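Open the structure in a viewer and keep the selection tool at hand.

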Amino acid sequence: MQTLPNPVASIASSAYLSTDTTIHRRKTRPVKVGNVTIGGGNPVVVQSMINEDTLDIEGSVAAIRRLHEIGCEIVRVTVPSMAHAFALAEIRQKLIATYQNVPLVADVHHNGMKIALEVAKHVDKVRINPGLYVFEKPKPNRTEYTQAEFDEIGEKIRETLEPLVISLRDQGKAMRIGVNHGSLAERMLFTYGDTPEGMVESALEVIRICESLDFRNLVISLKASRVPVMLGAYRLLAQRMDAQGMDYPLHLGVTEAGDGEYGRIKSTAGIATLLAEGIGDTIRVSLTEAPEKEIPVCYSILQALGLRKTMVEYVACPSCGRTLFNLEEVLHKVREATKHLTGLDIAVMGCIVNGPGEMADADYGYVGKQAGYISLYRGREEIKKVPEDKGVEELINLIKADGRWVDP
(Lines give C-alpha, C1' and ligand atoms only; values in the text may rest on other atoms or scores of the structure.)
Protein backbone atom coordinates (compact mmCIF):
# COMPACT_ATOMS: atom_id res chain seq x y z
CA MET A 1 0.00 0.00 0.00
CA GLN A 2 1.42 3.35 -1.03
CA THR A 3 1.51 5.96 1.73
CA LEU A 4 2.13 9.62 1.04
CA PRO A 5 4.32 11.69 3.38
CA ASN A 6 2.47 13.35 6.24
CA PRO A 7 2.18 17.14 6.06
CA VAL A 8 3.87 19.05 8.87
CA ALA A 9 1.31 19.86 11.55
CA SER A 10 1.04 23.45 12.74
CA ILE A 11 -1.65 23.01 15.41
CA ALA A 12 -0.93 24.73 18.72
CA SER A 13 -0.05 22.24 21.44
CA SER A 14 -2.73 23.74 23.69
CA ALA A 15 -5.34 22.22 21.36
CA TYR A 16 -4.44 18.81 22.78
CA LEU A 17 -4.62 19.85 26.42
CA SER A 18 -8.29 20.66 26.82
CA THR A 19 -10.27 18.27 28.98
CA ASP A 20 -13.59 20.02 28.39
CA THR A 21 -16.05 17.40 27.15
CA THR A 22 -18.72 19.94 26.21
CA ILE A 23 -19.09 21.14 22.62
CA HIS A 24 -19.37 24.93 22.77
CA ARG A 25 -21.28 25.87 19.65
CA ARG A 26 -20.50 29.09 17.84
CA LYS A 27 -23.22 31.64 18.56
CA THR A 28 -25.30 32.32 15.48
CA ARG A 29 -28.47 34.17 14.62
CA PRO A 30 -31.69 32.18 14.13
CA VAL A 31 -32.78 31.86 10.51
CA LYS A 32 -36.28 30.49 9.88
CA VAL A 33 -36.85 28.11 6.98
CA GLY A 34 -40.56 27.40 7.04
CA ASN A 35 -41.33 25.93 10.46
CA VAL A 36 -37.69 24.98 11.13
CA THR A 37 -35.10 27.33 12.62
CA ILE A 38 -31.41 27.05 11.77
CA GLY A 39 -28.94 28.52 14.25
CA GLY A 40 -29.70 30.54 17.34
CA GLY A 41 -28.79 27.64 19.61
CA ASN A 42 -31.40 25.34 18.07
CA PRO A 43 -30.55 21.66 17.46
CA VAL A 44 -28.45 21.00 14.36
CA VAL A 45 -30.88 20.62 11.46
CA VAL A 46 -30.75 17.64 9.05
CA GLN A 47 -31.18 18.26 5.31
CA SER A 48 -31.15 16.29 2.08
CA MET A 49 -32.11 16.73 -1.58
CA ILE A 50 -34.43 14.74 -3.82
CA ASN A 51 -33.07 13.48 -7.13
CA GLU A 52 -36.35 13.42 -9.04
CA ASP A 53 -36.86 15.82 -11.95
CA THR A 54 -38.93 18.67 -10.49
CA LEU A 55 -41.20 18.52 -13.53
CA ASP A 56 -42.39 15.15 -12.19
CA ILE A 57 -44.93 16.57 -9.73
CA GLU A 58 -46.17 13.29 -8.25
CA GLY A 59 -42.71 11.76 -8.05
CA SER A 60 -41.26 14.85 -6.39
CA VAL A 61 -44.06 15.04 -3.82
CA ALA A 62 -43.57 11.37 -2.96
CA ALA A 63 -39.78 11.80 -2.69
CA ILE A 64 -40.07 14.84 -0.41
CA ARG A 65 -42.55 13.02 1.79
CA ARG A 66 -40.31 9.92 2.04
CA LEU A 67 -37.40 12.04 3.22
CA HIS A 68 -39.45 14.08 5.67
CA GLU A 69 -41.06 11.02 7.22
CA ILE A 70 -37.67 9.55 8.16
CA GLY A 71 -36.41 12.73 9.78
CA CYS A 72 -35.17 15.03 7.02
CA GLU A 73 -36.21 18.45 8.31
CA ILE A 74 -35.50 20.58 5.22
CA VAL A 75 -35.65 19.25 1.64
CA ARG A 76 -33.87 20.78 -1.34
CA VAL A 77 -35.16 20.62 -4.92
CA THR A 78 -33.29 21.58 -8.08
CA VAL A 79 -34.84 24.30 -10.27
CA PRO A 80 -32.93 24.58 -13.57
CA SER A 81 -35.64 26.36 -15.60
CA MET A 82 -38.78 28.49 -15.36
CA ALA A 83 -40.89 25.39 -16.04
CA HIS A 84 -39.35 23.77 -12.99
CA ALA A 85 -40.07 26.90 -10.93
CA PHE A 86 -43.74 26.77 -11.88
CA ALA A 87 -43.80 23.03 -11.15
CA LEU A 88 -42.54 23.72 -7.65
CA ALA A 89 -45.66 25.78 -6.98
CA GLU A 90 -47.74 22.66 -7.71
CA ILE A 91 -45.45 20.48 -5.62
CA ARG A 92 -45.92 22.74 -2.61
CA GLN A 93 -49.71 22.80 -3.04
CA LYS A 94 -49.88 19.01 -3.29
CA LEU A 95 -47.70 18.58 -0.21
CA ILE A 96 -49.98 20.82 1.82
CA ALA A 97 -53.11 19.10 0.50
CA THR A 98 -51.92 15.50 0.93
CA TYR A 99 -49.28 15.62 3.66
CA GLN A 100 -47.94 18.80 5.31
CA ASN A 101 -46.06 22.00 4.55
CA VAL A 102 -42.49 20.65 4.40
CA PRO A 103 -39.72 23.32 4.48
CA LEU A 104 -38.40 23.52 0.91
CA VAL A 105 -35.22 24.96 -0.59
CA ALA A 106 -34.82 25.74 -4.29
CA ASP A 107 -31.41 25.19 -5.89
CA VAL A 108 -30.76 27.87 -8.54
CA HIS A 109 -27.59 27.96 -10.63
CA HIS A 110 -26.56 29.37 -14.01
CA ASN A 111 -27.77 32.92 -14.68
CA GLY A 112 -30.75 32.17 -12.55
CA MET A 113 -32.20 35.57 -11.62
CA LYS A 114 -35.59 35.13 -13.33
CA ILE A 115 -35.89 31.55 -12.10
CA ALA A 116 -34.94 32.56 -8.56
CA LEU A 117 -37.48 35.41 -8.49
CA GLU A 118 -40.27 33.08 -9.55
CA VAL A 119 -39.35 30.18 -7.29
CA ALA A 120 -38.90 32.48 -4.29
CA LYS A 121 -42.70 32.75 -4.23
CA HIS A 122 -43.08 29.02 -3.64
CA VAL A 123 -40.27 27.95 -1.29
CA ASP A 124 -38.88 28.90 2.11
CA LYS A 125 -35.26 29.36 1.08
CA VAL A 126 -33.36 29.88 -2.17
CA ARG A 127 -29.84 28.54 -2.55
CA ILE A 128 -27.51 30.34 -4.94
CA ASN A 129 -23.96 29.45 -5.95
CA PRO A 130 -21.96 32.72 -6.27
CA GLY A 131 -19.66 31.13 -8.84
CA LEU A 132 -22.56 30.32 -11.17
CA TYR A 133 -25.36 32.78 -10.41
CA VAL A 134 -23.69 35.39 -12.64
CA PHE A 135 -21.68 33.60 -15.30
CA GLU A 136 -18.25 35.11 -15.99
CA LYS A 137 -17.10 34.08 -19.45
CA PRO A 138 -13.40 33.19 -19.22
CA LYS A 139 -11.00 35.11 -21.42
CA PRO A 140 -8.31 33.03 -23.15
CA ASN A 141 -4.74 33.72 -22.04
CA ARG A 142 -5.82 35.84 -19.06
CA THR A 143 -3.10 36.17 -16.45
CA GLU A 144 -4.75 38.51 -13.94
CA TYR A 145 -7.77 40.62 -13.07
CA THR A 146 -7.29 44.32 -12.54
CA GLN A 147 -9.06 45.87 -9.58
CA ALA A 148 -11.33 47.72 -12.01
CA GLU A 149 -12.33 44.47 -13.71
CA PHE A 150 -12.86 42.79 -10.36
CA ASP A 151 -15.08 45.62 -9.12
CA GLU A 152 -17.02 45.79 -12.38
CA ILE A 153 -18.07 42.16 -12.12
CA GLY A 154 -18.82 42.64 -8.45
CA GLU A 155 -21.22 45.43 -9.34
CA LYS A 156 -22.86 43.24 -11.97
CA ILE A 157 -23.37 40.53 -9.34
CA ARG A 158 -24.96 43.11 -7.05
CA GLU A 159 -27.36 44.29 -9.77
CA THR A 160 -28.35 40.73 -10.59
CA LEU A 161 -28.72 39.65 -6.98
CA GLU A 162 -30.56 42.71 -5.64
CA PRO A 163 -34.07 41.85 -6.88
CA LEU A 164 -33.88 38.38 -5.32
CA VAL A 165 -32.55 39.73 -2.03
CA ILE A 166 -35.35 42.29 -1.83
CA SER A 167 -37.97 39.66 -2.68
CA LEU A 168 -36.74 37.25 0.00
CA ARG A 169 -36.35 40.07 2.52
CA ASP A 170 -39.87 41.35 1.98
CA GLN A 171 -41.35 37.85 2.18
CA GLY A 172 -39.43 36.99 5.36
CA LYS A 173 -37.71 34.08 3.62
CA ALA A 174 -34.11 32.87 3.66
CA MET A 175 -31.14 32.48 1.32
CA ARG A 176 -28.27 30.02 1.37
CA ILE A 177 -25.06 31.35 -0.08
CA GLY A 178 -23.65 28.03 -1.25
CA VAL A 179 -20.04 28.29 -2.39
CA ASN A 180 -18.53 25.18 -4.00
CA HIS A 181 -14.79 24.72 -4.29
CA GLY A 182 -15.20 23.20 -7.74
CA SER A 183 -17.14 26.13 -9.18
CA LEU A 184 -15.35 29.23 -7.93
CA ALA A 185 -15.66 32.20 -10.24
CA GLU A 186 -12.64 32.82 -12.47
CA ARG A 187 -11.77 36.16 -10.88
CA MET A 188 -11.72 34.54 -7.42
CA LEU A 189 -9.37 31.85 -8.74
CA PHE A 190 -7.05 34.44 -10.30
CA THR A 191 -7.12 36.71 -7.27
CA TYR A 192 -6.92 34.21 -4.41
CA GLY A 193 -5.95 30.97 -6.08
CA ASP A 194 -7.72 27.63 -5.78
CA THR A 195 -7.83 28.02 -2.00
CA PRO A 196 -10.17 28.22 0.99
CA GLU A 197 -9.50 31.95 0.99
CA GLY A 198 -11.08 32.30 -2.46
CA MET A 199 -14.14 30.40 -1.22
CA VAL A 200 -14.42 32.63 1.84
CA GLU A 201 -14.08 35.85 -0.15
CA SER A 202 -16.73 34.63 -2.59
CA ALA A 203 -19.17 34.16 0.28
CA LEU A 204 -18.27 37.44 2.01
CA GLU A 205 -18.87 39.38 -1.20
CA VAL A 206 -22.47 38.17 -1.37
CA ILE A 207 -22.98 38.60 2.38
CA ARG A 208 -21.98 42.26 2.12
CA ILE A 209 -24.41 42.81 -0.75
CA CYS A 210 -27.21 41.29 1.32
CA GLU A 211 -26.31 43.34 4.38
CA SER A 212 -26.28 46.55 2.35
CA LEU A 213 -29.91 45.74 1.47
CA ASP A 214 -30.77 45.02 5.13
CA PHE A 215 -31.20 41.29 4.49
CA ARG A 216 -29.72 38.95 7.07
CA ASN A 217 -31.76 35.74 6.80
CA LEU A 218 -28.65 34.01 5.52
CA VAL A 219 -27.14 30.55 5.83
CA ILE A 220 -23.65 29.99 4.42
CA SER A 221 -21.96 26.86 3.06
CA LEU A 222 -18.44 26.29 1.71
CA LYS A 223 -18.43 22.76 0.36
CA ALA A 224 -15.49 20.89 -1.15
CA SER A 225 -14.94 17.29 -2.19
CA ARG A 226 -11.64 17.17 -0.28
CA VAL A 227 -12.02 17.17 3.48
CA PRO A 228 -8.93 19.31 4.31
CA VAL A 229 -10.12 22.03 1.92
CA MET A 230 -13.62 21.93 3.40
CA LEU A 231 -12.25 22.16 6.94
CA GLY A 232 -9.93 25.02 6.10
CA ALA A 233 -12.66 26.99 4.36
CA TYR A 234 -15.21 26.74 7.17
CA ARG A 235 -12.66 27.53 9.87
CA LEU A 236 -11.45 30.58 7.97
CA LEU A 237 -15.00 31.78 7.30
CA ALA A 238 -15.97 31.43 10.97
CA GLN A 239 -12.86 33.38 11.95
CA ARG A 240 -13.49 36.14 9.40
CA MET A 241 -17.18 36.46 10.22
CA ASP A 242 -16.51 36.58 13.97
CA ALA A 243 -13.95 39.33 13.41
CA GLN A 244 -16.52 41.35 11.43
CA GLY A 245 -19.42 40.81 13.83
CA MET A 246 -21.25 38.44 11.46
CA ASP A 247 -23.20 35.66 13.15
CA TYR A 248 -24.70 33.73 10.24
CA PRO A 249 -25.36 29.99 10.70
CA LEU A 250 -23.33 27.52 8.66
CA HIS A 251 -24.50 24.58 6.56
CA LEU A 252 -21.88 21.79 6.59
CA GLY A 253 -21.20 19.16 3.99
CA VAL A 254 -18.53 17.36 1.99
CA THR A 255 -19.77 17.61 -1.57
CA GLU A 256 -19.54 14.65 -3.93
CA ALA A 257 -18.45 12.33 -1.12
CA GLY A 258 -19.23 9.23 -3.18
CA ASP A 259 -21.02 6.14 -1.92
CA GLY A 260 -20.71 3.19 0.41
CA GLU A 261 -18.55 3.02 3.49
CA TYR A 262 -15.94 5.50 2.26
CA GLY A 263 -18.54 8.11 1.33
CA ARG A 264 -19.91 7.89 4.86
CA ILE A 265 -16.47 8.03 6.47
CA LYS A 266 -15.41 10.96 4.30
CA SER A 267 -18.55 12.94 5.14
CA THR A 268 -18.20 12.14 8.83
CA ALA A 269 -14.53 13.18 8.84
CA GLY A 270 -15.44 16.66 7.61
CA ILE A 271 -18.80 17.28 9.28
CA ALA A 272 -18.02 15.77 12.68
CA THR A 273 -14.66 17.50 12.97
CA LEU A 274 -16.25 20.93 12.57
CA LEU A 275 -19.24 20.15 14.75
CA ALA A 276 -16.86 19.05 17.52
CA GLU A 277 -15.22 22.47 17.23
CA GLY A 278 -18.61 24.14 17.65
CA ILE A 279 -18.90 25.11 13.97
CA GLY A 280 -22.10 24.23 12.10
CA ASP A 281 -25.86 24.60 12.46
CA THR A 282 -27.25 22.34 9.73
CA ILE A 283 -25.77 19.39 7.83
CA ARG A 284 -26.19 17.29 4.73
CA VAL A 285 -24.34 14.06 3.96
CA SER A 286 -24.04 13.96 0.15
CA LEU A 287 -24.01 10.35 -1.01
CA THR A 288 -24.21 8.88 -4.49
CA GLU A 289 -27.11 6.76 -3.27
CA ALA A 290 -30.83 7.15 -2.66
CA PRO A 291 -31.34 10.34 -0.58
CA GLU A 292 -33.03 8.30 2.15
CA LYS A 293 -29.64 6.69 2.86
CA GLU A 294 -28.21 10.06 3.90
CA ILE A 295 -30.49 10.68 6.88
CA PRO A 296 -29.30 7.84 9.17
CA VAL A 297 -25.70 8.99 8.67
CA CYS A 298 -26.61 12.54 9.69
CA TYR A 299 -28.33 11.37 12.86
CA SER A 300 -25.49 8.98 13.69
CA ILE A 301 -22.98 11.85 13.48
CA LEU A 302 -25.12 14.06 15.72
CA GLN A 303 -25.79 11.24 18.18
CA ALA A 304 -22.10 10.28 18.43
CA LEU A 305 -21.22 13.88 19.30
CA GLY A 306 -24.05 14.21 21.79
CA LEU A 307 -25.67 17.02 19.79
CA ARG A 308 -28.97 15.20 19.26
CA LYS A 309 -30.35 12.02 20.77
CA THR A 310 -32.68 10.33 18.31
CA MET A 311 -32.01 6.64 18.88
CA VAL A 312 -30.63 4.13 21.37
CA GLU A 313 -26.91 4.48 22.13
CA TYR A 314 -25.37 1.00 22.29
CA VAL A 315 -22.20 0.47 24.33
CA ALA A 316 -20.54 -2.84 23.55
CA CYS A 317 -17.08 -4.28 24.14
CA PRO A 318 -15.11 -5.65 21.17
CA SER A 319 -15.12 -9.19 22.63
CA CYS A 320 -12.10 -11.20 23.78
CA GLY A 321 -11.21 -14.59 25.24
CA ARG A 322 -13.08 -13.75 28.45
CA THR A 323 -16.41 -13.26 26.69
CA LEU A 324 -19.01 -15.70 27.97
CA PHE A 325 -21.45 -15.56 25.04
CA ASN A 326 -21.52 -14.75 21.31
CA LEU A 327 -21.36 -10.99 21.79
CA GLU A 328 -21.92 -10.06 18.15
CA GLU A 329 -25.02 -12.22 17.96
CA VAL A 330 -26.42 -10.99 21.28
CA LEU A 331 -25.77 -7.34 20.43
CA HIS A 332 -27.72 -7.89 17.21
CA LYS A 333 -30.64 -9.39 19.14
CA VAL A 334 -30.66 -6.57 21.69
CA ARG A 335 -30.53 -3.96 18.94
CA GLU A 336 -33.33 -5.55 16.94
CA ALA A 337 -35.53 -5.64 20.05
CA THR A 338 -34.85 -2.05 21.20
CA LYS A 339 -33.75 0.01 18.17
CA HIS A 340 -37.15 1.74 17.92
CA LEU A 341 -36.71 3.35 21.34
CA THR A 342 -35.38 6.87 21.78
CA GLY A 343 -32.93 8.31 24.26
CA LEU A 344 -31.69 5.18 26.05
CA ASP A 345 -28.12 3.97 26.56
CA ILE A 346 -27.90 0.16 26.59
CA ALA A 347 -24.63 -1.67 27.26
CA VAL A 348 -23.87 -5.23 26.11
CA MET A 349 -20.68 -6.46 27.79
CA GLY A 350 -19.09 -9.86 27.43
CA CYS A 351 -17.61 -10.34 30.91
CA ILE A 352 -17.45 -8.99 34.44
CA VAL A 353 -13.86 -7.67 34.16
CA ASN A 354 -14.73 -4.49 32.29
CA GLY A 355 -18.51 -4.71 32.19
CA PRO A 356 -19.83 -2.69 35.15
CA GLY A 357 -17.07 -0.09 34.91
CA GLU A 358 -17.17 0.50 31.18
CA MET A 359 -20.95 0.68 31.12
CA ALA A 360 -21.28 2.94 34.16
CA ASP A 361 -23.05 5.68 32.22
CA ALA A 362 -25.56 3.35 30.55
CA ASP A 363 -29.23 3.19 31.54
CA TYR A 364 -29.28 -0.61 31.24
CA GLY A 365 -26.60 -3.27 31.12
CA TYR A 366 -26.52 -6.84 29.78
CA VAL A 367 -23.42 -8.56 31.19
CA GLY A 368 -22.01 -12.08 31.01
CA LYS A 369 -20.95 -12.97 34.57
CA GLN A 370 -21.00 -16.75 34.44
CA ALA A 371 -21.47 -19.32 31.72
CA GLY A 372 -25.11 -19.69 30.69
CA TYR A 373 -26.34 -16.66 32.67
CA ILE A 374 -26.78 -12.94 32.10
CA SER A 375 -26.73 -10.21 34.74
CA LEU A 376 -29.04 -7.29 34.01
CA TYR A 377 -28.19 -3.86 35.38
CA ARG A 378 -30.07 -0.63 35.87
CA GLY A 379 -27.30 1.94 35.82
CA ARG A 380 -24.64 0.65 38.22
CA GLU A 381 -27.04 -1.60 40.13
CA GLU A 382 -27.31 -5.30 39.34
CA ILE A 383 -31.03 -6.12 39.24
CA LYS A 384 -31.16 -9.82 38.50
CA LYS A 385 -29.44 -12.80 36.97
CA VAL A 386 -31.31 -14.72 34.26
CA PRO A 387 -30.63 -17.67 31.94
CA GLU A 388 -28.85 -16.59 28.77
CA ASP A 389 -31.75 -17.66 26.53
CA LYS A 390 -34.06 -15.32 28.51
CA GLY A 391 -31.68 -12.35 28.52
CA VAL A 392 -33.24 -10.18 25.84
CA GLU A 393 -36.78 -10.93 27.00
CA GLU A 394 -35.91 -10.00 30.60
CA LEU A 395 -34.11 -6.83 29.48
CA ILE A 396 -37.32 -5.74 27.76
CA ASN A 397 -39.30 -6.55 30.90
CA LEU A 398 -36.93 -4.41 32.97
CA ILE A 399 -37.34 -1.46 30.58
CA LYS A 400 -41.12 -1.96 30.69
CA ALA A 401 -41.11 -2.04 34.51
CA ASP A 402 -39.39 1.35 34.49
CA GLY A 403 -42.05 2.79 32.18
CA ARG A 404 -39.52 3.50 29.44
CA TRP A 405 -40.78 1.04 26.87
CA VAL A 406 -42.92 1.87 23.85
CA ASP A 407 -44.19 -0.67 21.38
CA PRO A 408 -42.53 -0.61 17.92
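A residue counts as buried under 20% relative accessible area, as exposed over 50%, and as partly exposed in between. The model on screen is predicted.

**Stop 1: Lys 384**

Select Lys 384, which lies in strand β15, residues 381-387. Is Lys 384 buried, exposed or partly exposed? Its relative accessible area is 29%, so Lys 384 is partly exposed. Show the side chain of Glu 394 as well: the side chains of Lys 384 and Glu 394 make a polar contact of 2.6 Å. Not counting residues up to four places away in sequence, Lys 384 also touches Ile 374, Ser 375 and Leu 376. For a distance to check in the viewer, take the C-alpha atoms of Lys 384 and Leu 398, which are 9.6 Å apart in space and 14 residues apart in sequence.

**Stop 2**

**Stop 3: the whole chain**

Zoom out to the protein chain, which has 13 helices and 15 strands. Its C-alpha trace spans about 80 × 55 × 40 Å along the principal axes. Of its 408 residues, 51% count as buried. The chain exposes about 19500 Å², and carbon and sulfur atoms supply 51% of that area. Among contacts with a separation of 6 or more, 64% are between residues 24 or more positions apart. Colour by charge next: the mean positions of the 47 positive and 53 negative charges are 2 Å apart.

**Stop 4: the open sheet**

Select the eight strands that form an open sheet, in the order β8-β7-β6-β5-β4-β3-β10-β9, with parallel pairing. β8 (218-223) and β9 (251-252) stand at the edges with a single partner strand each, so one side of each has no neighbour in the sheet. Further in, β6 (residues 125-128) and β7 (residues 174-180) pair in the parallel sense over four bridges. To find one of the bridge pairs, select Ile 128 and its partner in β7, Ile 177.

**Stop 5: strand β3**

Move to β3, residues 45-49. Five of its five residues are buried, so the strand is largely enclosed by the rest of the structure. Val 45, Gln 47 and Met 49 point one way from β3, while Val 46 and Ser 48 point the other way. Two bridges join β3 to β10 (residues 282-283), running parallel, and Val 45 has Thr 282 as its bridge partner there. β4 (residues 74-78) is also parallel to β3 and is joined to it by three bridges. The partner of Ser 48 in β4 is Val 75.

**Stop 6: Asp 107**

Finish at Asp 107 in strand β5, residues 104-108. Asp 107 has a relative accessible area of 4%, so it is buried. Its side chain makes a polar contact of 3.1 Å with the side chain of Arg 127. Leaving aside neighbours within four places in sequence, Asp 107 is in contact with residues including Met 49, Arg 76, Val 77, Thr 78 and Val 79.

Note on methods
Residues are numbered from 1 along each chain as its sequence is written. This is a predicted model: local features need pLDDT of at least 70, side-chain atom pairs count only at pLDDT 80 or more; totals for chains, interfaces and linings use all residues. Side-chain values use heavy atoms; hydrogens and water are left out. Buried means under 20% relative accessible area, exposed over 50%, partly exposed in between (1.4 Å probe, protein chains only). Contact means heavy atoms within 4.5 Å. A polar contact is a pair of N or O atoms within 3.5 Å; within protein, one must be able to donate a hydrogen and the other to accept it, and residues adjacent in sequence count only if both atoms are side-chain atoms. Accessible areas come from the Shrake-Rupley method with a 1.4 Å probe; for residues, only the protein chains shown count as cover. Lys and Arg count as positive and Asp and Glu as negative; His and the chain ends are not counted. The place of a charge is taken as NZ of Lys, CZ of Arg, CG of Asp or CD of Glu. Two strands pair if DSSP finds at least two bridges between them.
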